[in-house]
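The following note sets out a colleague's reading of one structure, arranged as numbered points. Please keep the model open while reading it.

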Amino acid sequence: MFDLPAQRAHLSEKYDLTPSPELAAGMSDIYDRMSRVVSPVDWAIYAPYVKAINDLKAQRNAVILGHNYMTPEIYHGVSDFVGDSLQLAIKATEVEADVIVQCGVHFMAETSKILSPEKTVLMPDMEAGCSLAESITAEGIAEMRRRYPGAPVVSYVNTTAEVKAASDICCTSSNAAQIVAAQDNHTVIMTPDQYLAQNVARDVPQKNVVWWEGSCIVHEQYSPQDLRDFREWNPGTRLIAHPECPPDVVAEADYSGSTSGIIKYVTDEKPEKALLITECSMASNIADQLPEVEFVGPCNMCPYMKKITLEKVLFALDTMTGQVEVDAEVAEKARLSVQRMIDLSRQLGI
Ligand code: 13P
Ligand code: SF4
């Protein structure tokens with residue numbers, strides 16, 4: 001558990017974190033990337049943290065990997081690389097820093113540690129979990145193997161290291177259909193996201209896809225009726241859904257793809273109005289680079305992703321706390337599943 005008052009006391013002794021319009025004005029190059037969604041008053045509050053974190057990164061030879069669901073001040077202010085789960089996993093194998101700070105959720109930090117065991121991987125809040133990762137254990141994988149003998153197990157990266165170690169190969173939302181299609185067996189087990197699996201089953205009809213019953217608490221909340229109502233009330237809006245949404249929701253959307261797929265779609269298409277059926281920060285992070293697009297409608301917040309704040313990132317880097325460790329034997333097996341996914345994705349040109 002975090003002792004926030006103690007953290008704050010520690011930080012205020014070492015850093016001047018007083019809101020500063022002058023400092024904020026001097027960092028306008030960063031602010032320009034989020035000025036549509038972050039007020040000048042909030043930027044004056046964030047700027048001292050952003051400066052302190054960026055200075056500390058240089059001292060520690062650290063890089064920050066920021067997921068597309070991070071808030072704009074983290075995404076634009078301190079992240080060295082941003083992207084979806086696949087892009088961040090690949091980046092973890094490429095960066096030369098001594099320290100990786102994972103601004104995302106715990107399974108992402110574990111993936112970085114599995115791929116770069118020699119690096120220190122910091123998680124600003126260890127409680128930033130994921131409902132999908134929590135839905136299955138290695139015993140669940142064994143149960144699926146008993147139910148479907150001989151079928152390969154394709155596990156979403158949103159899983160623990162133990163689950164990855166018990167699987168044959170991983171996938172993310174940007175390569176799931178291709179990874180499943182590339183399996184030799186007719187029956188393929190997908191865990192733990194039932195909806196991603198059902199969306200893949202529709203796109204890869206030549207396979208018998210069977211699944212675990214996990215789901216994402218952010219994307220399962222949407223219903224097809226929500227989308228139909230929205231279209232009726234807001235004609236002309238492009239509806240864009242993440243494939244963790246149930247298939248009847250995806251069927252109502254104009255496009256479905258990974259978080260980076262969504263960014264690419266909106267950037268290429270530049271619809272007049274867009275509703276992103278996914279986590280709230282997605283639209284905020286691309287609002288400034290796409291001034292011609294009006295982002296409308298409801299979004300859902302991931303309570304896990306939102307545990308990551310500038311304050312916690314600064315504390316983790318300052319004290320080098322929140323180090324992610326993975327048992328060496330588990331990591332070796334898990335690495336095989338993740339590396340197979342990365343190799344196959346490269347081979348398939350994803
Ligand atoms: P992406 O791989 O599309 O970024 O999605 C991962 C995810 O679950 C974020 O919650
Ligand atoms: Fe997990 Fe869903 Fe949050 Fe992604 S959005 S981290 S899948 S709970």
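**Cavities, a pocket and selected residues**

1. The lining of the second largest cavity comprises five nonpolar, four polar and no charged residues. In this classification Ala, Val, Leu, Ile, Met, Phe, Trp, Tyr, Cys and Pro count as nonpolar, Asp, Glu, Lys and Arg as charged, and the others, Gly among them, as polar. The lining residues are Ser85, Leu88, Ala89, Gln102, Phe107, Met108, Thr111, Ser112 and Val157. The volume of this cavity is about 70 Å³.

2. The model is predicted, so local features need pLDDT of at least 70 and side-chain atom pairs count only at pLDDT 80 or more, while totals for chains, interfaces and linings use all residues. Residues are numbered from 1 along each chain as its sequence is written, chains are lettered from A and ligands numbered from 1 in the order in which they are written, and side-chain values use heavy atoms, with hydrogens and water left out.

3. On a 1 Å grid over the protein atoms alone, a cavity is a set of points where a 1.4 Å probe fits but cannot get out; a pocket is an open set with protein on both sides within 12 Å along at least five of seven lines; and lining residues have an atom within 4 Å of a point. Grid points are joined across faces, edges and corners, and a volume is the space filled by probe spheres set on the points.

4. Which elements contribute to the second largest cavity? Both α6 and α7 supply at least two residues each to its lining. The largest share, four residues, comes from α7. Helices (H or I, at least four residues) and strands (E, at least two) are DSSP runs, numbered from the N terminus.

5. How many cavities of 30 Å³ or more does a search of the whole structure find? The search finds two. The largest cavity has a volume of about 240 Å³. It is lined by 28 residues, and Tyr69, Phe107, Asn158, Glu244 and Met305 are the closest to its centre. This lining divides into 14 nonpolar, twelve polar and two charged residues. Helices α6 (85-94) and α7 (106-115) each give at least two residues to the lining of the largest cavity.

6. Ligand 2 sits in the largest cavity, in the sense that more than half of its atoms lie within 2 Å of the grid points. The residues around ligand 2 include Tyr69, Asn158, Glu244 and Met305; a residue is counted here if one of its heavy atoms lies within 4 Å. The shell around ligand 2 has nine nonpolar, two polar and one charged residues.

7. The largest pocket has a volume of about 280 Å³. Of its 18 lining residues, Ser173, Asp203, Pro243, Ser256 and Gly257 lie nearest the centre. Two or more residues of the lining come from each of α10 (176-181), α11 (194-203) and β10 (255-256). Helix α11 gives the largest share, five residues. The pocket lining has seven nonpolar, nine polar and two charged residues.

8. Isoleucine 342 belongs to helix α17 (residues 328-347). Is this residue buried or exposed? Isoleucine 342 counts as buried because its relative accessibility is 1%, where buried means under 20% relative accessible area, exposed over 50%, and partly exposed in between (1.4 Å probe, protein chains only). Leaving aside neighbours within four places in sequence, isoleucine 342 is in contact (heavy atoms within 4.5 Å) with Ala89, Ile90, Thr93 and Leu115. Isoleucine 342 and alanine 89 are 253 residues apart in sequence, yet 8.4 Å apart in space, C-alpha to C-alpha.

9. Proline 19 is in the loop between α1 (4-14) and α2 (21-26). With a relative accessible area of 48%, proline 19 is partly exposed. Not counting residues up to four places away in sequence, proline 19 touches Ala44, Ile45 and Pro48.

10. Most residues other than glycine have a negative phi, and most peptide bonds are trans. Asparagine 61, in the loop between α4 (40-60) and β1 (62-67), has a positive phi near 50 degrees. Lysine 270, in the loop between α14 (259-269) and β11 (273-277), has a positive phi of about 40 degrees. The peptide bond from threonine 191 to proline 192 is cis, with omega near -10 degrees.
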